[in-house]
Amino acid sequence: MTEGGRINAAEETWTIRKVLEWTTAFFEKNGIDSPRLDAEVLLAHSLGVERIKLYMEIDRPLAEAERAPLRALVKRRAAREPAAYLVGEKEFYSLAFEVNENVLVPRPDTEFLVDAVLDRTGRGDAFTFVDVGTGSGCIAAAIAVNRPKASGLAVDVNPGAVEVAKRNFERHGLANRVKAVCGNLLEPAIAHFGGRKIDAVVSNPPYVTEEEFEKLEPEIRDHEPRSALLDIAEDGLGSFRAIADAAADLLSPGALFVCELGAGQYGSAAEFLASGPWTDVSAVRDYGGVDRVIVAGRK
Ligand SMILES: C[S@@+](CC[C@H](N)C(=O)[O-])C[C@H]1O[C@@H](n2cnc3c(N)ncnc32)[C@H](O)[C@@H]1O
């Protein structure tokens, strides 16, 4: 079936079904988490069709020219490059986002952060917010799409990420309401809002410790931006504390602070907020039962 570790062009008829089966088995052997899904995603991408189309034509033979682009993708995926980088896109909160090596691949758990904001605001509310460490812009965009009168500032220290976020805001028709800027934490917000107090600060900051970093899956450790993941504080809460302190100065009384955390960090994070001008501190659990998001109100 294979020749030199690749799908052999010559002796057999390679239908979509067979290519998917071969690729799934190859991914399984290489320790890929979701081998069938990734095989489908990569084949659909290389053929330029939706995944559903594969099933509509499952017994269609693929010409050599149709299989060739897949080979390079399969090789890179087997070397543990995230599928989202290979296809350049990831879905978050039912919206499609461009992603590349400059940004973290949006995670399903981060949708709980968006839920926390949407649960505490009304569709017609005209509020102002900052998304600190915006990456692909997925959080800011998901909030703005669902809160059509909200306006936001999306900050990232990585210029490459800011470019991706800008394109994603344009893609979702948000460029007039959500501005992406390069800068450190909340520093650009002071100029942007002209010294006025705002209604919400949200963030999914880096929170992985050095020790945890080494144990991450190769997809994350070797391919996603280290600066998006790693926090230099021993407890991984250095960025969180810096953002909370800066947010306390920027938020108006009653305003909202929502931040994603790593597993086991909620207790220390809540303790830190208890010593500051915060009230109604609570946690939102993720799919794995982890206190993933901390929510607080500015006193
Ligand atoms: C965990 S990623 C989150 C990306 C995106 N918000 C998401 O949820 O998918 C953290 C982001 O914070 C950015 N970042 C790290 N340090 C920063 C700083 N000092 N100021 C602004 N952004 C920073 C990184 O470049 C990265 O894009």
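The crossing of helix 1 and helix 2 is right-handed. A crossing counts as right-handed if the near helix is turned clockwise from the far one by less than a right angle, and left-handed if anticlockwise. The model is predicted; local features need pLDDT of at least 70, side-chain atom pairs count only at pLDDT 80 or more, and totals for chains, interfaces and linings use all residues. Residues are numbered from 1 along each chain as its sequence is written. Helices (H or I, at least four residues) and strands (E, at least two) are DSSP runs, numbered from the N terminus.

Helix 1 packs against helix 2 (residues 35–47) at an angle of about 130 degrees, and their axes are 8 Å apart. Axes are lines fitted to C-alpha atoms, for helices over the stretch in contact, and angles run from 0 to 180 degrees between N-to-C directions. Helix 1 is therefore oblique to helix 2. Angles under 35 degrees count as roughly parallel, over 145 as roughly antiparallel, 65 to 115 as roughly perpendicular and the rest as oblique. Helix 1 contributes Val19, Leu20, Thr23, Thr24, Phe27 and Glu28 to the contact, and helix 2 contributes Pro35, Arg36, Asp38, Ala39, Glu40 and Leu43. Residues are in contact if their C-beta atoms, placed from the backbone, lie within 7 Å. By class, this contact of helix 1 with helix 2 holds six nonpolar, two polar and four charged residues. Ala, Val, Leu, Ile, Met, Phe, Trp, Tyr, Cys and Pro count as nonpolar, Asp, Glu, Lys and Arg as charged, and the others, Gly among them, as polar.

Helix 1 (residues 16–29) also packs against helix 4 (residues 64–78). Here the angle is about 20 degrees and the axes lie 10 Å apart. Val19, Thr23, Phe26 and Phe27 of helix 1 meet Arg67, Val74, Arg77 and Ala78 of helix 4. Five of the residues in this contact are nonpolar, one is polar and two are charged.

A further helix pair is formed by helix 6 (residues 111–119) and helix 7, at an angle of about 35 degrees and with axes 10 Å apart. This crossing is right-handed. Leu113, Val114, Val117 and Leu118 in helix 6 face Ile139, Ala142, Ile143 and Asn146 in helix 7. The contact has seven nonpolar residues, one polar and no charged ones.

Seven strands make up an open sheet with mixed pairing, in the order 7-6-5-8-9-11-10. Strands pair if DSSP finds at least two bridges between them. Strand 7 (178–182) and strand 10 (278–285) are at the edges with a single partner strand each, so one side of each has no neighbour in the sheet. On average, neighbouring strands are turned by 15 degrees against each other, direction ignored. Within the sheet, strand 9 (residues 251–260) pairs with strand 11 (residues 291–298) in the antiparallel sense over five bridges. Leu256 has Gly297 of strand 11 as its bridge partner.

Strand 3 (residues 89–92) and strand 4 (residues 95–98) are antiparallel, with four bridges. Lys90 is bridged to Phe97 in strand 4. The two strands form a hairpin with two residues between them, and Tyr93 in the turn has a positive phi of about 50 degrees.

The ligand is surrounded by 23 residues, the closest being Gly133, Gly135, Val157, Asn204 and Ala228. A residue counts as near if its C-beta atom, placed from the backbone, lies within 6 Å. Helix 7 (138–146), strand 6 (151–156) and helix 12 (226–229) each give two or more residues to this shell. The shell has 13 nonpolar, nine polar and one charged residues.

Definitions and conventions
Two residues are in contact if their C-beta atoms, placed from the backbone, lie within 7 Å.
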